[in-house]
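Welcome! Let's take a short walk through this protein together, starting with the overall plan and moving on to single residues.

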Amino acid sequence: MSQFPTVAAGQRLTAGMVSQMEPYWAVKGGPTARTSTTTLADDPDLLLALPTGGTFAFELFLHYTGGTLGSSDLKLAMVYSGTSANGVWAVNGINTTATTQANMGGNGTGAAGTITVGTSGGSFLTVDIKGYINTTSAGNLSLQWAQNTSSGTAVTLRQGCWMRVTQLA
């Protein structure tokens, strides 16, 4: 995990120390489709373990397909399995009533904080998610998602979606 080691004045930085300062990444190696379900579930690829007691920024880039606008749509949640002092996230994606970009956000991390973005009849669409979390115990930060309206037409997160977490403090 992106952790900042203690560096004394005059101490040389080693490759090992610098590698601890790198952000963590998770990348989808293949598509994941969900059909006829509105129950949020962890994405099998987009989750990262976070340690106790840190402030973290996270970003996700999702590209997806689904049914016609309003027939399935994509319900999203950022969930932390450990405990946290606070956290918030926001989304930039198309809204569920018209295929126009909309900024939506202000949700806390947890199952209660969901945001829904629209789908558009098989067109490839994108969503950007940004947020932060202050952890008080170790756990996994994960993207949970499902269809917003149950449909026989799958909503699919495509290969190449990614998640990046950077420790700030």
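## Overall plan

The protein has 1 helix and 12 strands; helices (H or I, at least four residues) and strands (E, at least two) are DSSP runs, numbered from the N terminus. Along the sequence, the elements come in the pattern α-β-β-β-β-β-β-β-β-β-β-β-β.

A word on the basis of this tour: the model is predicted, so local features need pLDDT of at least 70, side-chain atom pairs count only at pLDDT 80 or more, and totals for chains, interfaces and linings use all residues. Residues are numbered from 1 along each chain as its sequence is written, and side-chain values use heavy atoms, with hydrogens and water left out.

Of the 169 residues, 42% count as buried. Buried means under 20% relative accessible area, exposed over 50%, and partly exposed in between (1.4 Å probe, protein chains only). The protein exposes about 7700 Å², and carbon and sulfur atoms supply 52% of that area. Accessible areas come from the Shrake-Rupley method with a 1.4 Å probe; for residues, only the protein chains shown count as cover.

Contacts (heavy atoms within 4.5 Å) tell us about reach along the chain. Among those between residues at least 6 apart in sequence, 78% join residues at least 24 apart.

## An open sheet

Here 4 strands form an open sheet in the order β3-β10-β5-β8, with antiparallel pairing. Its edge strands are β3 (41–50) and β8 (114–117), each of which pairs on one side only. Neighbouring strands of this sheet are turned by 20° against each other on average, direction ignored. For such angles, axes are lines fitted to C-alpha atoms, for helices over the stretch in contact, and angles run from 0 to 180 degrees between N-to-C directions.

Two strands pair if DSSP finds at least two bridges between them. Within the sheet, 7 bridges join β5 to the antiparallel strand β10 (residues 139–147), and Y80 stands opposite L141 in β10.

## The partners of β4

Strand β4 is joined by 11 bridges to β9 (residues 125–135), and the two run antiparallel. A57 has Y132 of β9 as its bridge partner.

β4 also runs antiparallel to β12 (residues 162–167), with 6 bridges, and F61 stands opposite W162 there. Another 2 bridges join β4 to β11 (residues 155–157), again antiparallel; in this pairing Y64 stands opposite L157.

S72 lies in the loop between β4 (54–65) and β5 (74–80). This serine counts as buried because its relative accessible area is 0%. Leaving aside neighbours within four places in sequence, S72 is in contact with G66, G67, T119, Q147, N148, T149, S151, T153 and V155.

D73 is found in this loop between β4 and β5 too, and it counts as buried at 3% relative accessibility. Its phi is near 55°, a positive value in a residue other than glycine. Elsewhere, S36 has a positive phi of about 55° although it is not a glycine. S36 sits in the loop between β2 (32–34) and β3, and is partly exposed, with a relative accessible area of 45%.

## A nonpolar patch

Which residues make a nonpolar surface patch of about 230 Å²? They are V7, L13 and V18. Patches are made of residues with over 30% relative accessible area and no salt bridge: like charges are joined within 9 Å, nonpolar side chains (Val, Leu, Ile, Met, Phe, Trp, Tyr) within 5 Å. A salt bridge is a side-chain nitrogen of Lys or Arg within 4 Å of a carboxyl oxygen of Asp or Glu.

V18 belongs to helix α1 (residues 15–20), and at 35% relative accessibility V18 counts as partly exposed.
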